[in-house]
Number of protein chains: 2
Amino acid sequence: MGAVPLGRDYDRQDCALARALEVVGERWTLLVLRDCFFGVRRFADLRAHLDIPRAVLTDRLATLVEAGVLERRPYAAGRDEYVLTDTGLDLWPALFTLARWGDRHRVGPGGGRRRFRHADCPAGGADLATGGLCPACGTLPPPSALETRRLDPDTEGEREARDDAVSRALRRPHRLLTPLP
Amino acid sequence: MGAVPLGRDYDRQDCALARALEVVGERWTLLVLRDCFFGVRRFADLRAHLDIPRAVLTDRLATLVEAGVLERRPYAAGRDEYVLTDTGLDLWPALFTLARWGDRHRVGPGGGRRRFRHADCPAGGADLATGGLCPACGTLPPPSALETRRLDPDTEGEREARDDAVSRALRRPHRLLTPLP
DNA sequence: CAGTATCGGTTCGTTGATTGAACCATCTGT
DNA sequence: ACAGATGGTTCAATCAACGAACCGATACTG
């Protein structure tokens with residue numbers, strides 16, 4: 001159970017990274033999960049924020065649910081939402097660390113950089129460092145203890161900013177995992 | 001320069017993670033980089049170890065070189081090898097953290113788990129923890145200071161093990177980045 | 001109660017990527 | 001001169017991603 005390779009696999013690569021990528025390595029998947037950490041829960045919001053084809057989003061969500069990374073549950077009659085499971089929440093350090101690499105080595109023209117701060121920190125909090133650790137208290141805060149904010153405020157110019165509800169909400173500081181928008 | 005999205009892009013996703021994935025998010029790319037950290041440097045060895053189509057490997061290596069993650073350089077007349085740049089080496093924490101997630105949540109039938117130990121540790125060394133940190137000395141050791149070894153020794157049975165030179169070399173403990181095989 | 005909107009999809013034709021097999025040019029060793 | 005290794009390129013077939021259109025269930029509106 002759960003040990004069978006799913007979807008597009010990397011057969012004969014007997015390796016933890018390959019098995020992680022079988023779940024999380026397809027196009028769009030990590031961006032979907034990023035949005036889940038931000039607090040996005042609904043199909044329509046993911047679509048609006050990511051510009052992802054509906055069929056692809058359906059497929060990715062099904063893969064993630066089957067792998068136990070997301071849980072699908074009803075929030076109203078006939079409406080479902082997707083939330084991170086414990087297995088999914090445990091992806092946070094990997095996601096953060098990869099984003100941090102992008103932040104340092106792939107800065108785009110529009111900026112679009114973000115910081116994550118340990119909001120519930122007994123030592124006052126600071127922006128997360130390598131591995132998702134809080135430099136102030138030395139622990140690895142759970143996503144629910146983090147607040148994120150844009151570093152470069154309002155691009156204004158260049159390419160015009162996105163205007164879906166999620167993008168608008170994320171222009172202000174936001175506590176991770178609290179429902180968005 | 002360098003700020004332009006490469007290859008399969010995620011347009012309008014003004015986000016560090018999306019920009020990282022434009023370089024590192026295509027199929028096979030992270031497995032190629034894993035092998036580079038192990039010390040694999042040659043086209044033929046990557047091919048034999050990964051079972052990746054030649055054309056795809058050519059394409060991925062070119063993308064990584066263009067992004068400044070790998071450097072291509074001659075090691076003999078008409079022969080080139082690929083080595084990690086500083087930007088590439090900086091991917092280690094992200095790679096390790098994702099592999100660790102796979103290790104914890106996606107254990108395969110053959111095992112195939114690996115540990116990474118801080119071999120050059122002043123405090124005696126220990127297997128790396130979250131974020132790639134050494135629990136003994138508290139630092140983030142560079143890949144060159146690490147030794148890796150298989151946790152489940154010799155699958156013996158189930159599916160027969162791979163028999164390329166790289167797989168054979170990796171069955172014994174190995175210092176990262178030292179040329180393989 | 002008919003009409004309309006929203007949500008979470010499915011279906012389908014087109015475009016683009018991945019695959020595996022075949023071929024190729026350069027250099028090395030014998 | 002020839003064989004083998006290396007690092008590719010080319011090509012047809014398959015498979016995934018894309019975007020537009022359609023769908024069924026549940027509200028909400030007049």
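Reader: Let's start at the DNA. How do the residues of the surface near DNA strand C divide into nonpolar, polar and charged?
Author: They divide into 9 nonpolar, 2 polar and 9 charged. Here Ala, Val, Leu, Ile, Met, Phe, Trp, Tyr, Cys and Pro count as nonpolar, Asp, Glu, Lys and Arg as charged, and the others, Gly among them, as polar. Please keep in mind that this is a predicted model: local features need pLDDT of at least 70, side-chain atom pairs count only at pLDDT 80 or more, and totals for chains, interfaces and linings use all residues. Residues are numbered from 1 along each chain as its sequence is written, while chains are lettered from A and ligands numbered from 1 in the order in which they are written.

Reader: Thanks! Which residues are the closest to DNA strand C?
Author: A:Phe43, A:Ala44, A:Thr58, B:Ala77 and B:Gly78 are the closest of the 20 residues that surround DNA strand C. A residue is near a strand if its C-beta atom, placed from the backbone, lies within 6 Å of it. Two or more residues each come from helix 3 (43–50), helix 4 (54–66) and strand 2 (79–84) of chain A, and from helix 4 (54–66) of chain B. Those helices (H or I, at least four residues) and strands (E, at least two) are DSSP runs, numbered from the N terminus.

Reader: And how many residues surround DNA strand D?
Author: There are 21, and the closest are A:Pro53, A:Ala77, A:Gly78, B:Arg42 and B:Phe43. Helix 4 of chain A gives two or more residues to that surface, as do helix 3 (43–50), helix 4 and strand 2 (79–84) of chain B. The largest share, 4 residues, comes from helix 4 of chain A. By class, the surface near DNA strand D has 9 nonpolar, 2 polar and 10 charged residues.

Reader: Switching to the protein chains: how many residues of chain A are in contact with chain B?
Author: 44 residues of chain A are in contact with 45 residues of chain B, where contact means that the C-beta atoms, placed from the backbone, lie within 7 Å. Helix 6 of chain A gives the most to this side of chain A, with 10 residues. By class, the side of chain A that touches chain B has 21 nonpolar, 12 polar and 11 charged residues.

Reader: What rotation superposes chain A on chain B?
Author: A rotation of 180° does it, with 0.0 Å of shift along its axis and an RMSD of 0.0 Å. The two copies are therefore related as by a two-fold rotation axis. A:Gly131 comes closest to the axis of the residues of chain A, at 1.8 Å (C-alpha).

Reader: Nice. Into which domains is chain A divided?
Author: Domain 1 (16–88) and domain 2 (91–175), with bounds from an automatic or database domain assignment. Their centres, taken over C-alpha atoms, are 20 Å apart. The contact takes 11 residues from domain 1 of chain A and 10 residues from domain 2 of chain A. On the domain 1 side, the largest share, 5 residues, comes from helix 2 of chain A.

Reader: Last one: in what order do the strands of the open sheet in chain B run?
Author: The order is 3-4-5, with antiparallel pairing; two strands pair if DSSP finds at least two bridges between them. Strand 3 and strand 4 (residues 146–150) of chain B pair over 5 bridges. B:Arg117 has B:Glu147 in strand 4 of chain B as its bridge partner.

Methods. Contact = placed C-beta atoms within 7 Å. Least-squares fit on C-alpha atoms with pLDDT ≥ 70 in both.
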